[in-house]
Amino acid sequence: MSQTVGIHCSVTNPEVNHFPWREAIQSYLDFADEVVVVDGCSDDGTAEELAAWAEREDKLNVISLDWPKGEFEYSEFPKHLNAGYAALSTDWKMKVDIDYIFHESFHEQFRKNLEYCPKDRLACSYGKIHVMNKNHCYFKLNVPFCVKANTGIAYGKEPGQVSGDWAYPIMWDGRSYDQGVPVGKRINSGDVFILGVSMWNYNYFFRTS
């Protein structure tokens, strides 16, 4: 039996910010076995649309989670990501951004390559082709993660890290920062299997409606 793959992401007012969130979520639904969207109490109509979408789509689960310290407070990001991560029941759990688009050619190759992942690897990594505009793009090598379930991995910070993006996957050791952010060890490259496939990151300029 093939391994199940779930996707989780966080959104807040993507309509106001012109992100291709509908296209992104649809591409996740076309690919994954489960999709969890953590909505940061959007007030641009997104929350209502997501709720209605989830009523129609069995694979979609929407969670509402406030940003008590402000939308762009770094300490809040891991909480939203970990909420989505915990809500998935799949064998593998992919953290994505709301402007990632999975082309249909990605589907079969990703799942096929996933079957080659050694049992002792905790995570897989795949590439990201970042499209800046219609004429330019660049390739971010093996940045996104797909994490194996029940491995003790969380999204947070490394010991001693006091600034920056506190939302990287870590091996959580049970500690938390004074703002509630999980603290743990960096994941070693030897724990990660490189899948050799890439997805598209379209940023906010790509919308079909």
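**Exercise 1.** Is the crossing of α1 and α4 left-handed or right-handed?

*Solution.* The model is predicted, with local features requiring pLDDT of at least 70 and side-chain atom pairs pLDDT 80 or more, whereas totals for chains, interfaces and linings use all residues. Residues are numbered from 1 along each chain as its sequence is written, and side-chain values use heavy atoms, without hydrogens and water.

Step 1. Helices (H or I, at least four residues) and strands (E, at least two) are DSSP runs, numbered from the N terminus. Helix α1 covers residues 21–31 and helix α4 residues 104–114; they pack at about 45°, their axes 10 Å apart. Axes are lines fitted to C-alpha atoms, for helices over the stretch in contact, and angles run from 0 to 180 degrees between N-to-C directions.

Step 2. The pair is therefore oblique; angles under 35 degrees count as roughly parallel, over 145 as roughly antiparallel, 65 to 115 as roughly perpendicular and the rest as oblique.

Step 3. The crossing of α1 and α4 is right-handed, a term for the near helix being turned clockwise from the far one by less than a right angle.

Step 4. Ser 27, Asp 30 and Phe 31 of α1 meet Phe 106, His 107, Phe 110 and Arg 111 of α4, contact meaning heavy atoms within 4.5 Å.

**Exercise 2.** Describe how α1 packs against α2.

*Solution.* Step 1. The angle is about 25° and the axes lie 13 Å apart, which makes α1 roughly parallel to α2.

Step 1. The crossing of α1 and α2 is right-handed.

Step 2. Trp 21, Arg 22, Ile 25, Gln 26 and Leu 29 of α1 touch Thr 46, Glu 49, Leu 50 and Trp 53 of α2.

**Exercise 3.** Which way do β2 and β3 run, and through which helix does the chain cross between them?

*Solution.* Step 1. Strands β2 (residues 34–39) and β3 (residues 60–64) are parallel and joined by five bridges; two strands pair if DSSP finds at least two bridges between them. Asp 39 is placed opposite Ser 64 in β3.

Step 1. From β2 the chain passes through helix α2 (residues 46–56) to β3 in a right-handed β-α-β crossover: with the strands pointing away from the viewer, the path from the first strand over the helix to the second runs clockwise.
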